[in-house]
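Here is a short briefing on one protein model. Keep the structure open as you read, and find each residue as it comes up.

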Amino acid sequence: MQKRSLEKKEIEIRLDLYDGTVFPYKDNTFDKIVSSLVFHQLDKQTKNSCLNEIFRVLKPNGELIIGDWGEAKSKLMRIRFYIVQLLDGFKTTKDNVEGLIPNYMINAGFKNVEELSYINTKIGSYCYYKGNKHYLANAIRIMRHT
């Protein structure tokens with residue numbers, strides 16, 4: 001939903017553009033972060049970088065929800081997803097279509113990672129993923145870096 005649509009409906013949500021480097025926020029700032037149709041446009045390194053930054057700025061027990069193209073749920077969805085791959089590139093979309101976004105989330109430190117649901121669209125399977133920044137996972141991660 002665009003910013004104007006949100007304002008028209010009097011919904012106050014902070015929307016920020018992110019360049020894939022370092023978020024301009026302190027550690028443990030947000031309770032929840034939602035991303036939609038971003039990760040299929042990122043290369044592997046940027047996917048990892050983004051998820052590490054999201055993990056950093058989430059509060060302990062914070063939640064990440066990702067909505068993006070995922071593993072095709074049928075042969076027809078796989079064939080249709082080629083349209084997205086032709087437009088956005090095979091290099092960036094390969095991990096999505098192989099269902100690897102949950103693996104990226106786990107590697108960034110998220111716990112209880114799961115695919116919540118999906119919608120088969122005209123051009124592919126749009127999947128919903130969820131993960132939590134578990135309090136102990138954050139403590140272990142800090143210990144590794146010290």
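L86 is exposed, because its relative accessibility is 65% and the cut-off for exposed is over 50%. L86 sits in helix α3. Keep in mind that this is a predicted model.

**The nonpolar patch**

- L86 belongs to a nonpolar patch on the surface, together with I79, Y82 and F90.
- These four residues have about 440 Å² of accessible area together.
- Which helix gives the largest share of the patch? Helix α3, residues 75–88, supplies 3 residues.

**Helix α2**

- Helix α2 covers residues 44–57 and has 14 residues.
- At 1.5 Å a residue, helix α2 should span 20 Å. Its end C-alpha atoms are 20 Å apart, so the model agrees with that expectation.
- Which residues of α2 are buried? They are K47, C50, L51, E53, I54, F55 and V57.
- E53 shows how the label works: its relative accessibility is 11%, and buried means under 20%, so E53 counts as buried.

**Salt bridges**

- How many salt bridges does the structure hold? The count is 8.
- One of them joins D95 and K44, with the closest N and O atoms 3.9 Å apart. D95 lies in helix α4, residues 90–97, while K44 lies in helix α2, so this pair ties together parts that are 51 residues apart in sequence.
- Is D95 buried or exposed? D95 is buried, with a relative accessible area of 1%.
- E53 and R56 form another salt bridge, at 2.8 Å from N to O. Both residues are in helix α2, and they are 3 residues apart, which means that about one helical turn separates them.
- E53 and R56 are also part of a network of salt bridges, in which they are linked with D27.
- E98 pairs with K94 in a salt bridge, where the closest N and O atoms are 3.0 Å apart. Both partners are partly exposed: E98 has 40% relative accessibility, and K94 has 42%.

**Around T121**

- Where is T121? T121 lies in strand β3, which runs over residues 111–121.
- T121 has a relative accessibility of 24%, so it counts as partly exposed.
- The side chain of T121 reaches the backbone nitrogen of I123, at 3.1 Å.
- Which residues does T121 contact, leaving aside its neighbours within four places in sequence? They are W69, M77, R80 and Y126.
- Take R80 from that list. T121 and R80 are 41 residues apart in sequence, but their C-alpha atoms are 8.9 Å apart in space.

**To recap**

- L86 is an exposed residue of the nonpolar patch on the surface.
- D95 is a buried residue that forms a salt bridge with K44.
- T121 is a partly exposed residue of strand β3.

Conventions. Residues numbered from 1 in each chain as written. Predicted model: local features only at pLDDT ≥ 70, side-chain atom pairs only at ≥ 80, totals over all residues. Heavy atoms only, no water. Helix = DSSP H or I, 4+ residues; strand = E, 2+ residues; numbered from the N terminus. Buried < 20%, exposed > 50% of the residue type's maximum accessible area, 1.4 Å probe, protein only. Contact = heavy atoms within 4.5 Å. Polar contact = N/O pair within 3.5 Å; in protein donor to acceptor, adjacent residues only side chain to side chain. Patch = residues over 30% accessible without salt bridge, like charges linked within 9 Å, V, L, I, M, F, W, Y side chains within 5 Å. Areas by Shrake-Rupley, 256 points an atom, 1.4 Å probe, with all protein chains shown as cover. Salt bridge = Lys/Arg side-chain N within 4 Å of Asp/Glu carboxyl O. Expected span 1.5 Å × (residues − 1).
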